[in-house]
Amino acid sequence: MLGFSKGNVENTRRALIAWDRLCCPRVAGGLHLLDIGTWNKAAMCKLLWNLCKKKDKLWVQWVHVYYKKYNPGWGNEPKQASWVIQKIFKAKKYFTKTGYTEDDVLRMNTFSIKDVYLKNRGEFRYLAAHRRLQTRDRLKRWGYVEDDSCTLCNAKAETMNHLFFVFPFSKRIWAAILRWLQIDRPVMDWEHELQWVEQYCRGRSATAEIYRMMLVGSLYYIWQERNARIFQEVQRTVKTITRSLAQDIHCRGNVKKCLKRKLIELNSYPTV
């Protein structure tokens, strides 16, 4: 409560959940709210992209003429410039944070604020779909680690395809989920799993939506397990993970009327 009578304007209550957490996808425990700050950064990136690509726009032509010596786009930041111009030039750091180089930006024929927003947010499903998770093979290419061995098996290189779902531990998890969803097909690697979901689960049916939720949930739980083993030295069993997944899907899916009937058919735990 705010104590206006005593001149105290501080809120004595702390937020129970961090805003950053609420902006996470539902499958990751958030409410999928829009992070306005990150969206604004993505919008600034589009203005910088316009400076690099849209020379036909009047305001872009003006900036190129007025700040010619700074090489507008990917050049140096002008010290004597308006606040807005400085912000546009500084948007380079947001591109860099998401892994874009100058060449990547120049190769873009179109620009999606939403895509850059998701990458800036580090949305798990986006990072996974575009192979942007920081697996050890990528960390080795960047020079951050010397050993790219999988932290779960210590045998093969940790790549997206290995982690999802070639590695026996993750393969058992996804195989159990497929059986639970009554889908009779073998487990495939990540590239072919993406092709399968694009072909068979693009619609808005309850079956398709639950499948997509379980796929993203499986990825998230496997990645969470990988991080727990690295940083906390704890591990869970396949049975524990699949049960948690089923519980999460029921909790999140039951708030949607269109999914309730299908979830009744899945009123059991996956068999491992």
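1. Start with helices α12 (residues 190-200) and α13 (residues 206-231) in this predicted model. Their axes come within 12 Å and cross at roughly 160 degrees. Angles over 145 degrees count as roughly antiparallel, and α12 and α13 are therefore roughly antiparallel to each other. The crossing of α12 past α13 is left-handed.

2. Next, the residues at this contact. Helix α12 contributes W190, E193, W196 and V197. Helix α13 contributes Y211, R212, L215 and L219. Sorted by class, the contact has 6 nonpolar and 2 charged residues, with no polar ones.

3. W190, W196 and Y211 are among its members. The cluster also includes F164, F165, W174 and Y200.

4. Now the aromatic pairs. The whole structure holds 13 of them. One is F95 with F111, an edge-to-face pair. Their centres are 6.1 Å apart, with 90 degrees between the planes. F95 sits in helix α5 (residues 92-97), while F111 is in the loop between α6 (102-107) and α7 (113-121). The pair therefore ties together parts that are 16 residues apart in sequence. Both F95 and F111 are buried.

5. Y220 and Y221 also pair through their rings. The ring centres lie 6.4 Å apart and the planes meet at 85 degrees, so this pair is edge-to-face. Are these two tyrosines buried or exposed? The cut-off for buried is under 20% relative accessible area. Y220 has 18%, so Y220 is buried. Y221 has 9% relative accessibility and therefore counts as buried.

Notes: Residues numbered from 1 in each chain as written. Predicted model: local features only at pLDDT ≥ 70, side-chain atom pairs only at ≥ 80, totals over all residues. Heavy atoms only, no water. Axes fitted to C-alpha atoms, helices over the stretch in contact; angles between N-to-C directions. Helix = DSSP H or I, 4+ residues; strand = E, 2+ residues; numbered from the N terminus. Parallel < 35°, antiparallel > 145°, perpendicular 65-115°, else oblique. Left-handed = near helix turned anticlockwise from the far one by under 90°. Contact = heavy atoms within 4.5 Å. Nonpolar A, V, L, I, M, F, W, Y, C, P; charged D, E, K, R; others polar. Phe/Tyr/Trp six-rings, centres within 6.5 Å; stacked < 30°, edge-to-face > 60°. Buried < 20%, exposed > 50% of the residue type's maximum accessible area, 1.4 Å probe, protein only.
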